[in-house]
Amino acid sequence: MTSPPAGGRRVLVVTQGFPRRPDDHRAPFLLDHARALAGAGCRVTVLCPSAPGLAPHERWGDVDVVRFRYAPRRLEVFAYSGAMHRDVRTWRVLLLPLFLVGYLLAVRHHSSDADVVHAHWWIPSGLVAVVAARRARVVAVHLHGTDVAIARGPLRPLAAWVLRRASVVLAASPALASWAGEVAGVDAVVAPTPLGLDRVPSPPTPPPVDGPVLAVGRLVPEKGFDVLIRAVASTGDRLVIVGDGDIRPALESLSRSINADVTFSGSVDPGELARDYTAARLVAVPSRREGFGMVAAEALAAGRAVVGTRVGGLPDVVTDGVTGTLVAPDDVGALAAALRSTDPALGANGPATVAWLHPDAIAARNLAAYDAAVRSNRSLPRREP
């Protein structure tokens with residue numbers, strides 16, 4: 001069996017989370033991924049959940065976005081929170097059976113003429129894809145980090161079953177690829193998501209001497225912003241935090257209680273984020289857990305040195321002493337010392353080190369993984385309806 005040329009390859013991207021509009025701040029990397037595949041000549045359709053106020057079908061440039069129904073419109077609230085793994089601990093878990101049935105039927109329908117089904121996160125999208133997308137040549141399951149973190153107890157063998165059923169497993173970082181090998185005995189392909197070039201100023205400019213420290217991300221505990229706030233309180237740095245989330249009130253209260261100079265900008269559009277990178281002296285990524293580290297990659301592409309933690313994929317993006325400084329997570333003193341000692345001029349080394357994350361390069365890596373699955377007979381036999 002041979003794979004069709006890129007121009008004829010039909011890719012169905014399935015994901016439980018996706019930007020609700022092109023400038024949405026939630027999971028923009030998923031739209032970057034879809035656009036990269038479309039830019040490589042694929043015909044790309046994204047299948048994602050419906051929600052109140054969202055159209056059943058839209059076309060964003062070269063990408064079709066289709067949303068599946070699973071409940072009465074006012075009850076379609078099981079997605080787009082940015083924390084589905086926490087939603088299952090609330091009353092919303094009652095929607096889970098409806099969600100899964102709707103997802104299975106939608107994947108079965110829309111994958112009928114797909115060459116590739118690319119599922120982001122092994123659960124629920126990967127699970128649904130390996131069960132329902134039996135007429136696609138290739139089913140790819142892409143690990144991003146949160147899905148790996150929750151694969152404990154009975155979910156661990158389920159994760160192994162999903163990964164073994166996939167034609168190819170992709171992982172956002174080498175650490176996640178190693179986990180796939182440990183859990184399921186599969187050789188995962190390291191395939192980060194591409195740089196969001198619309199969020200990166202071009203060409204990079206030198207960092208301002210008096211610029212603030214910038215942090216970007218969802219305001220959730222795993223991002224470690226509480227540690228960063230305590231660190232800047234001791235260094236006297238100004239801190240700008242871009243993003244929103246459940247713990248924003250707690251972080252604002254912490255900032256006031258320790259007299260830290262912190263500005264909470266909330267969510268911003270890509271153009272404004274590019275200006276924030278330009279205005280920053282350093283970019284901090286103090287995560288307790290990180291699948292890949294896209295904020296660090298975008299900061300380096302913008303010519304900004306990064307002070308981050310030695311977790312997940314961050315050591316694969318940031319090189320100590322070359323493009324920034326890495327410290328242990330949850331160490332306020334070490335983070336403060338790194339903010340004091342890191343030379344902002346190291347950011348000049350950043351653009352060259354993340355050139356491999358350009359959308360064209362990442363799309364080529366994904367297409368090569370699909371083709372390798374076909375050549376190794378990991379592709380699935382197409383079943384007629």
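These are my notebook entries on what I looked up in this predicted model.

**Entry 1: the whole chain**

I started with the overall picture. The protein chain has 15 helices and 14 strands. Its radius of gyration is 21 Å, close to the 21 Å that the globule rule gives for 385 residues, so I noted the chain as being as compact as a globular protein of that length. Along the principal axes, the C-alpha atoms fill a box of roughly 65 × 45 × 40 Å.

I then checked burial and found that 55% of the 385 residues count as buried. For the accessible surface I got about 15,400 Å², with 55% of that belonging to carbon and sulfur atoms. I also looked at contacts between residues at least 6 apart in sequence: 66% of them join residues at least 24 apart.

**Entry 2: the nonpolar cores**

Next I went inside. The largest nonpolar core has 76 residues. Which residues have the most contacts inside it? I wrote down Val14, Val117, Trp122, Leu163 and Tyr277. There is also a second, separate core, this one of 32 residues, with Val11, Ala38, Leu54 and Val168 among them.

I followed up Leu104, which sits in helix H3, residues 96-110. Leu104 has a relative accessible area of 30%, so I logged it as partly exposed.

**Entry 3: salt bridges**

Side chains of opposite charge can pair when their charged atoms come close. I searched the whole structure for such pairs and got 21 salt bridges. I took a few in turn.

Arg281 pairs with Asp237, at 2.6 Å from N to O. Where do the two partners sit? Arg281 is in the loop between helix H10 (270-279) and strand S12 (282-285), while Asp237 is in the loop between H8 and strand S10 (239-242). They are 44 residues apart, so I have this down as a link between distant parts of the chain. Are Arg281 and Asp237 buried or exposed? Both Arg281 and Asp237 are buried.

Arg288 bridges to Asp330, with the closest N and O atoms 2.9 Å apart. This pair also links distant parts of the chain, 42 residues apart: Arg288 is in the loop between S12 and helix H11 (294-301), and Asp330 is in the loop between strand S14 (324-327) and helix H13 (332-341). Arg288 is partly exposed at 29% relative accessible area, and Asp330 is partly exposed at 48%.

Arg310 meets Asp320 at 3.2 Å, N to O. Arg310 lies in the loop between strand S13 (306-309) and helix H12 (314-317), and Asp320 in the loop between H12 and S14, so this bridge ties together parts 10 residues apart in sequence. I got 44% relative accessibility for Arg310 and 39% for Asp320, and logged each as partly exposed.

I also noted a network: Asp32, Asp198, Arg199 and Glu298 are joined by salt bridges that share partners.

**Entry 4: Lys223**

Last, I looked up one lysine. Lys223 is in the loop between strand S9 (213-216) and helix H8 (225-235). Why did I log Lys223 as buried? Its relative accessible area is 16%, and the cut-off for buried is under 20%, so Lys223 counts as buried. Leaving out residues up to four places away in sequence, Lys223 touches Arg218, Pro286, Ser287, Arg288 and Glu290.

Note on methods: Residues numbered from 1 in each chain as written. Predicted model: local features only at pLDDT ≥ 70, side-chain atom pairs only at ≥ 80, totals over all residues. Heavy atoms only, no water. Helix = DSSP H or I, 4+ residues; strand = E, 2+ residues; numbered from the N terminus. Buried < 20%, exposed > 50% of the residue type's maximum accessible area, 1.4 Å probe, protein only. Contact = heavy atoms within 4.5 Å. Salt bridge = Lys/Arg side-chain N within 4 Å of Asp/Glu carboxyl O. Core = buried A, V, L, I, M, F, W, Y, C linked by side-chain atoms within 4.5 Å. Rg over C-alpha atoms; globule rule 2.2 N^0.38 Å. Areas by Shrake-Rupley, 256 points an atom, 1.4 Å probe, with all protein chains shown as cover.
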